[in-house]
Amino acid sequence: MNTNKNYSFSDLFGSHPTVFREDDGDVNQGEKVFTSSYTPHSIWHREDEMKALVSYFKSIITSPTASSKKVILYGPVGTGKTVISHAFGTELTTYIAKNRDHGEPRFRYFHINCRKTKTPHLILTTILRYLVSGFPLRGFSVDELLRMFTLLLYEQNLTVLLVLDEIDYLLPEERTDFLYSLSRLEESPIIREEFELSQDRLESRFNLLTITRDKNFRYYLDTSTASSLGRNYITFAPYTRYQLFDILATRAELGLCEDSYSDELLDTVASLAEEKGDARFAIELLWRTAKICEAEGEKKLSTEHVRRAVVEVLPIEKSIIDDLNTHQKLVLLSIARLLSVCNQSFVTTLEVKGEYERVCEEASIRSRRQTQVWAYLKDLGRLGLIQQEVENRHTNGRSLGRISTIRIRDLPTEEIITSLGSLLNGD
Ligand SMILES: Nc1ncnc2c1ncn2[C@@H]1O[C@H](COP(=O)(O)OP(=O)(O)O)[C@@H](O)[C@H]1O
Ligand SMILES: [Mg+2]
């Protein structure tokens with residue numbers, strides 16, 4: 001083929017220098033360790049948290065039929081909640097499988113992400129489908145599903161650890177009822193009768209680990225749920241710069257060519273991520289730095305590449321925004337538009353309502369009522385996307401009363417406008 005191009009496609013595609021490792025001829029091999037689905041082999045600086053989990057759930061091993069531990073795990077985004085609880089569940093499964101005596105219950109660990117599995121109904125059906133093949137997706141109420149699940153624990157001689165990750169995504173009303181039911185799961189007289197369990201013979205097989213990023217989670221629980229759920233509490237603190245450095249160093253070792261980075265470079269990335277203490281942010285920042293370096297055709301990551309990468313990394317998971325419903329997105333977009341136009345650090349709820357109505361009109365979507373908009377604002381707050389506060393306002397010494405202010409502290413408003421703007425075009 002005769003073309004006038006002064007390059008060949010294979011040149012563009014194949015011989016580009018890469019900073020990522022290419023083991024076993026797999027070009028994407030190195031990049032994999034920077035993805036969110038990658039499970040790290042070495043987990044750094046979480047020994048105490050792991051020990052706390054082991055000590056709370058020890059009874060699953062020591063007395064499996066009398067274990068009903070409920071633990072809450074709190075920590076901001078990127079502090080290792082998912083990765084550590086998953087490692088715990090997996091290791092516990094392996095340990096019990098190896099050491100279980102004949103006749104002792106089998107152990108099952110379920111890790112449910114409530115961002116993906118959004119309702120109690122879906123959570124229970126998901127679990128039941130693991131336990132009973134072909135279990136129907138529809139046809140039962142939550143109460144019926146709870147009862148069937150409990151009966152199965154006895155019938156199949158099981159002990160269970162259920163991890164409800166990102167519990168903040170369940171609707172508050174549903175969450176309250178669901179947690180109440182789960183915390184009382186095995187107290188039902190029907191279960192006791194059915195299995196002829198006397199009141200004094202304790203049989204408990206259900207253990208629950210609830211993961212939240214909401215510091216006040218405990219205080220939203222009603223007293224009776226709190227008394228059974230809220231006593232065992234583990235906090236995951238944000239990572240320090242040195243801890244982030246270690247996490248980054250392992251990823252770099254596995255994913256990047258040896259000569260492409262230095263310890264100083266990793267420390268620069270760690271120091272930029274330190275304010276949040278967010279490992280996910282740190283890892284993504286390093287990955288973007290490498291991508292920018294690669295796109296420039298360079299072989300060594302530089303501070304300049306890091307600086308440019310910072311601008312690109314959204315400090316909050318983009319998936320959180322992607323998973324919002326349309327009206328929640330429109331409310332968030334309204335806030336972002338107001339903030340970027342008026343160049344203030346906050347907006348008021350009334351301003352948001354006005355802008356939301358305009359945005360709905362532009363998108364040719366019927367706007368929801370005021371109470372619903374307030375509820376959306378609450379949702380966005382719960383997910384950590386906005387901060388809502390009530391402030392006392394004064395002017396010239398005169399009180400103007402209390403107003404509710406809304407801020408977006410961590411998200412670049414332009415980024416939100418660009419990514420949600422497509423809603424207005426009817427996409
Ligand atoms: N202690 C650690 N050692 C190694 N990697 C970690 C550690 N903590 C977090 N990570 C990594 O950082 C990212 C975010 O961790 P994750 O567990 O998802 O945080 P969270 O659930 O608290 O938001 C994941 O890619 C995870 O593999
Ligand atoms: Mg998580």
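The face of helix 7 opposite its buried side bears the exposed residues D143, E144 and E155. Here a residue is buried if 20 or more other C-beta atoms lie within 10 Å of its own, exposed if 12 or fewer, and partly exposed in between, with C-beta atoms placed from the backbone. Residues are numbered from 1 along each chain as its sequence is written, chains are lettered from A and ligands numbered from 1 in the order in which they are written. The model is predicted, and local features need pLDDT of at least 70, side-chain atom pairs count only at pLDDT 80 or more, and totals for chains, interfaces and linings use all residues.

The protein chain contains 20 helices and eight strands, taken as DSSP runs (H or I of at least four residues for helices, E of at least two for strands) and numbered from the N terminus. Of its 427 residues, 35% count as buried. Among contacts between residues at least 6 apart in sequence, 72% join residues at least 24 apart, a contact being a pair of residues whose C-beta atoms, placed from the backbone, lie within 7 Å.

Helix 7 comprises 14 residues (142-155), and the distance from its first C-alpha to its last is 20 Å, close to the 20 Å expected at 1.5 Å a residue; the expected span is 1.5 Å times one less than the number of residues. Its buried residues are L145, F149, T150 and L153. These cover an arc of only 135° around the axis, which puts them on the same side of helix 7; the arc is that of the directions from the helix axis to the C-beta atoms. L151, also in helix 7, is partly exposed, with 15 other C-beta atoms within 10 Å. L151 and E194 are separated by 43 residues in sequence and by 8.7 Å between C-alpha atoms.

N157 lies in the loop between helix 7 and strand 3 (158-165) and has a positive phi near 50°. With 14 C-beta neighbours inside 10 Å, N157 is partly exposed. H45, in the loop between helix 2 (29-32) and helix 3 (47-56), likewise is not a glycine and has a positive phi, of about 55°. Most residues other than glycine have a negative phi. H45 counts as partly exposed, with 16 C-beta neighbours inside 10 Å.

In helix 19 (residues 370-382), the end C-alpha atoms are 18 Å apart, in agreement with the 18 Å that its 13 residues should span at 1.5 Å a residue. The buried residues of helix 19 are V373, Y376, L377, D379 and L380. Seen down the axis, they fall within an arc of 160°, so they line one face of the helix.

R402 belongs to strand 8 (residues 398-407) and is exposed, with 9 other C-beta atoms within 10 Å. Not counting residues up to four places away in sequence, R402 touches V390, E391 and N392. The C-alpha atoms of R402 and N392 are 4.4 Å apart, across ten residues of sequence.

The shell around ligand 1 has 18 residues, of which G80, K81, T82, V83 and A279 come nearest; a residue is near the ligand if its C-beta atom, placed from the backbone, lies within 6 Å of it. At least two residues of the shell come from each of helix 5 (81-99) and helix 14 (279-295). Domain 1 (9-23 + 239-312) and domain 2 (47-235) both contribute to the shell, so ligand 1 lies between them; the domain bounds come from an automatic or database domain assignment. By class, the shell has eight nonpolar, seven polar and three charged residues, where Ala, Val, Leu, Ile, Met, Phe, Trp, Tyr, Cys and Pro count as nonpolar, Asp, Glu, Lys and Arg as charged, and the others, Gly among them, as polar.

Methods: Contact = placed C-beta atoms within 7 Å.
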